[in-house]
Every structure is written in C-alpha cells, then in structure tokens.
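Please open the structure in your viewer and keep the sequence panel beside it. The tour moves from selection to selection and says what is there at each stop.

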Amino acid sequence: MKRVLYLAVIYLLTCLVGTLIFATLFMLSCNLTMFVTGLPTSFFSSKFFFSGVLTTFPLACVITQIMLVLYQVRHPGSKRISLIMYAFFGILSWLLLIPIDLKLINRYEADLFEPRLEKTTSGVFRKEEHGVFYYSRVSDEGIADGLFIDTTGFLGTEGVIVPFFNVPVKNESAFPYSDILIKNSLQPPKLVTYPLAVYAALLTAGGYSVSLGFLSWLAFASLGLALLTGYGLQYASSWKLASVSCVLTAVIVIVFINYLYYMNILPSVFKEISQKLSDLTPVKDPLIVLVNCSIAIILCGFGIFMGIYRQKNDTILEANE
C-alpha cells in the first residue's frame, strides 16, 4: 500500500509540476515573440499560460512515465505492484488524459495562439539581411520614414545611406518574432529548437488523429505503447546508470522514428509499404502501428526475460550467502 501511494504521489506531482513549469516557459516564449523594442509588455499572460498548459500537458505525461521507470531503477521494490501502477498510469494517460487534452487544443486552437505583432517602433537601428534600417517615424497604420544603410552591397554600393518616406513597414525577416532585435538576440540554438519541432510535429499528428475518432487515436497511441514498454529496460544491467541510459535511449529512438514517419521523410520504400498496408486495412497509418507494436513486443519480451534472469541470479546469490 505504501508503494502504491508513493507511485501515485510521484505521478500526480510530476504531471502537475511539470505542466506548470512547461506552461510558464511556453508563456514566456510567447511573450518574447510578441515583444517589440520600445513597446510595453507584461510578464504574465493568462491566455498564453492556458495555451501552455494544454500544449505541454502531453509532454508532462510522457516525462512522468519516464520518471516512474527511473524511480523504479533507483528504488527497486515490489515489482508486481510497481508494474501494475505503471500500467494503470500509462493507460490513464494515453487513453483518457492525453486525448482529452488534444481535443481541447483542437476546440480552442483558433483562440489559443495569436499572430506576432505586425508593427515596429522608431528611434532604433535594426540590422536585417541586407543592411540596417532606422525608422525616424512610424505611424499607427505602419507607414514609416527613415534611413536604410546598405552594409552588403545590396543596392550596388556598400555603405550607401538611402532615405525613404511613407514606406509600409514589413518585418517578415523577424519571423516568428515581432522584432528582428529580439530574434537576433534570443533565438535559441538548434539543440533546443529541433526537439521542440519534433514535439510540435507529433502533437499536431496526435491532434489530427484524435479528431478522426477513437480507432485512429488508438493507432497513434501505439507510440505510447512502445514508450511504456521501455519499462522492461530497467533490467538491462545490474549497473543502474546503464539501465537509465538504455531507457532514455529507447525513448529518444522511438520518438524519432515516429517523427520521421509523421513528417513523411522516410525513404521511398517505406512509403510504398505504408501505402500497400493502408489499402489492406482500415487502420490509419498501419506501418507505424506495426513498427511501434513490434518495438513493444521486443521490449516487453526483453523485460520479462531479464526480469526472470535477474531474479534467479538474486536468488542464487542469497542462497550462497
């Protein structure tokens, strides 16, 4: 009973705290995309925070499942109770909580995300691709006067200064930010943006799947099944750090395989196989379902075999003592 309570508390707290932290980071990121030098801004935005809660909750659920495995590696106890609780929370997450969250995202999507601001401010030098812009006046309609300093020879002569008047301001080069100064100063590296792009792609695929119905969602949720069976990798080694590394590596590989599939960037032979399987079954995306289920079977079989093997070894060691 004590073990059940521990695992329940870990699941609830990790989900809650993780969602709050991720939602706060999401809110701050959205605030930065809306920030324009010289215009007032606010730290807290209830709209962006709510968007962050919905957007990051599935991530918090996945990380929570991983944390439960790592907790089991660090604090091995009753294997049966731990497995039952882990399976219960996994089913709860992938068959109830995550699809509900994605349905809410689909319902409120139009109101959750605001476009960046299509305006700028005067009195600031802004370096863009071909040179530096200085706006001396910007009207409420986005019409500006100012100077353009050619720093690349874009206009034919490097270093030439060209005045302009009554020109509509266009800040597409700042996308996805509203101000090129913010983009140049705060744009995160690929090490951050690439994992976020992977998560965004899978979130979009999940939202589309859940909108098609329960069977379609079950097909996408095969990703969750593959991730959950990573539980068996806790028995990969008697060295805890090695087991943890195996669990994390498996999670990354499974997520990346699904990302490649849903982004349609697999080799052509896999696309052909996927098309043939789609013609034979009513299941949406049968190839990735087959791949995820195969991974799940392999990891589950590995976990059962290694669990029995490790238990026998422990029994022999205890007998020898």
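**Stop 1: aromatic rings**

Select the rings of the aromatic residues: the structure, which is a predicted model, holds 16 aromatic pairs. To pick out one of them, select Trp94 and Trp217. Their ring centres lie 6.3 Å apart and their planes are at 20°, so this pair is stacked. The cut-off behind that label is an angle of under 30 degrees between the planes.

The two tryptophans come from distant parts of the chain, 123 residues apart. Trp94 belongs to helix H3 (residues 79–112), and Trp217 to helix H6 (residues 214–220). Are the two buried or exposed? Trp94 has 9% relative accessibility and so counts as buried. Trp217 is buried too, with a relative accessible area of 2%.

Now extend the selection to Phe220, Tyr261 and Tyr262, which form one aromatic cluster together with Trp94 and Trp217.

**Stop 2: the whole chain**

Zoom out and colour by secondary structure. The protein chain has 10 helices and four strands. In what order do the elements run from the N terminus? The order is α-α-α-β-β-β-β-α-α-α-α-α-α-α.

Next, look at the overall dimensions. The C-alpha trace spans about 90 × 45 × 40 Å along its principal axes. The radius of gyration of the protein chain is 26 Å, whereas a compact globule of 321 residues would have one near 20 Å.

Of the 321 residues, 40% are buried. Among contacts between residues at least 6 apart in sequence, 65% join residues at least 24 apart.

**Stop 3**

Select Gln72, in helix H2 (residues 46–74). Gln72 counts as buried because its relative accessibility is 3%, and the cut-off for buried is under 20%. Draw a distance from Gln72 to Tyr135, C-alpha to C-alpha: the two are 60 Å apart in space and 63 residues apart in sequence.

Move to Ser243, in helix H8 (residues 240–262). Is Ser243 buried or exposed? Its relative accessible area is 1%, so Ser243 is buried. Show what surrounds Ser243, leaving aside neighbours within four places in sequence: the contacts are Val73, Leu233, Gln234, Ala236 and Ser237.

Stay in helix H8 and select Asn258. Asn258 has 0% relative accessibility and therefore counts as buried. Which residues is Asn258 in contact with, apart from neighbours within four places in sequence? They are Leu202, Leu223, Ile288 and Asn292.

**Stop 4: the strands**

Select Glu129, in the loop between strand S1 (125–127) and strand S2 (131–138). Its relative accessibility is 65%, so Glu129 counts as exposed; the cut-off for exposed is over 50%. The C-alpha atoms of Glu129 and Leu12 are separated by 48 Å, and the two residues are 117 apart along the chain.

Go on to Asn166, in strand S4 (residues 161–168). Asn166 is exposed because its relative accessible area is 55%. Check its backbone as well: phi of Asn166 is near 50°, a positive value in a residue other than glycine.

**Stop 5**

Finish at Asn264, in the loop between H8 and helix H9 (268–280).

Methods. Residues numbered from 1 in each chain as written. Predicted model: local features only at pLDDT ≥ 70, side-chain atom pairs only at ≥ 80, totals over all residues. Heavy atoms only, no water. Rg over C-alpha atoms; globule rule 2.2 N^0.38 Å. Buried < 20%, exposed > 50% of the residue type's maximum accessible area, 1.4 Å probe, protein only. Contact = heavy atoms within 4.5 Å. Phe/Tyr/Trp six-rings, centres within 6.5 Å; stacked < 30°, edge-to-face > 60°.
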